[in-house]
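Dear colleague,

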Amino acid sequence: MSPRAADLFPPQLHVFVRDWLSSNNILLKSRDGHVLIDSGYGRHAPLTLALLATERGLGMAPLAFLVNTHCHSDHVGGNAAIVRHYDCPVAVPEGEAPLVERWDHKALLYDYCDQQVERFTVDHVLPPGTTHVWGDLEWQALAAPGHDMGALVFYNAEHRVLISGDALWEHGFGFVMPPEIDPAALPATRATVEMLGKLDIRVVIPGHGEPFTGVAAALDRARARVAAFEADSVRVARHALKVNLMFALLDHQRMPLAGMSAYVERVGLYRDFNARFFRLPPADLALLLVGELEKAGAVERVDGWLVPARA
Ligand SMILES: [Zn+2]
């Protein structure tokens, strides 16, 4: 975290910067009860609990409340483990609650994208437009649809801090569904970027990556990405598949190259997108995705395995 961004946080706000498989964890401490925002990915739940147990985290103190910005696997994957350990209630955005209640793995992009999440129960819903006091700070819950149509961001006007989830990163935002799959997603993404542009924000705590202060530049990059996506929906589809394949690779750690064709045929997201956008033999789609990730320096082939590129 750049010292400047961290210096701008009130003392009761703590950010645990994670990686691409697990979202960042934000801890808001208060004598009225400590609140955690987002719980990371399931595979990392032991690490999430270990971070929470540190002195910078909760130490031996209880957790009063777990809140999620949205319900994708990398933000709610630790929910079940945290509830088991701390016995705290869970709050999710109002728009996400019905999907979680019926465990809609396609809408939530779980099994449908080859992402594993231990089932959890919703105790409270957070309607957009409501205000909550967490960590002795007032947080406005604002609708931020796009990457996830039910997502919320949390804004504290006093310190001009935005907890943005995957609605805004320093370089972009979470992948978006192409118009042919969800016609509302890209227009919503654009509207969310414009909505965020109207807020007075000094520091953003994104769902992934370090907290950052260059908010205007980040919004400009987000607008440019929206425009590029609006111009080419196949690009949107390809981006979504590459991001999901990279996520799966980080989850599995390595995938057999010989199995990639069967993988893109078996996993719903790739199968459906292929039928809609690419119409390639599965082996060719696998080759296309692996080749593009390789060209971007994100993956390597090692002894018949696809592995994440070493930094
Ligand atoms: Zn995320």
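Along the sequence, the donor residues of the zinc ion follow the spacing D-H-x90-D-x41-H, where donors are N, O and S atoms within 2.8 Å of the metal (3.2 Å for Na, K and Ca), and sites may look incomplete because water is not among the atoms. These protein donors are Asp-74 (OD), His-75 (NE2), Asp-166 (OD) and His-208 (NE2), which lie 2.0 to 2.2 Å from the zinc ion. Two of them join distant parts of the chain, since His-75 sits in helix 3 and His-208 in the loop between strand 11 and helix 7, 133 residues apart; helices (H or I, at least four residues) and strands (E, at least two) are DSSP runs, numbered from the N terminus. His-75 counts as buried because its relative accessibility is 0%, and His-208 counts as buried at 3%, where buried means under 20% relative accessible area (1.4 Å probe, protein chains only).

Please bear in mind that this is a predicted model, in which local features need pLDDT of at least 70 and side-chain atom pairs count only at pLDDT 80 or more, while totals for chains, interfaces and linings use all residues. Residues are numbered from 1 along each chain as its sequence is written, and side-chain values use heavy atoms, with hydrogens and water left out.

Turning to the strands, strand 10 (residues 161-165) pairs with strand 11 in the parallel sense over 4 bridges, where pairing requires that DSSP finds at least two bridges, and Val-203 in strand 11 is the bridge partner of Val-161. From strand 11 (residues 203-206), Val-203 and Ile-205 point one way and Val-204 and Pro-206 the other, and all are buried.

Best wishes

Conventions:
Buried < 20%, exposed > 50% of the residue type's maximum accessible area, 1.4 Å probe, protein only.
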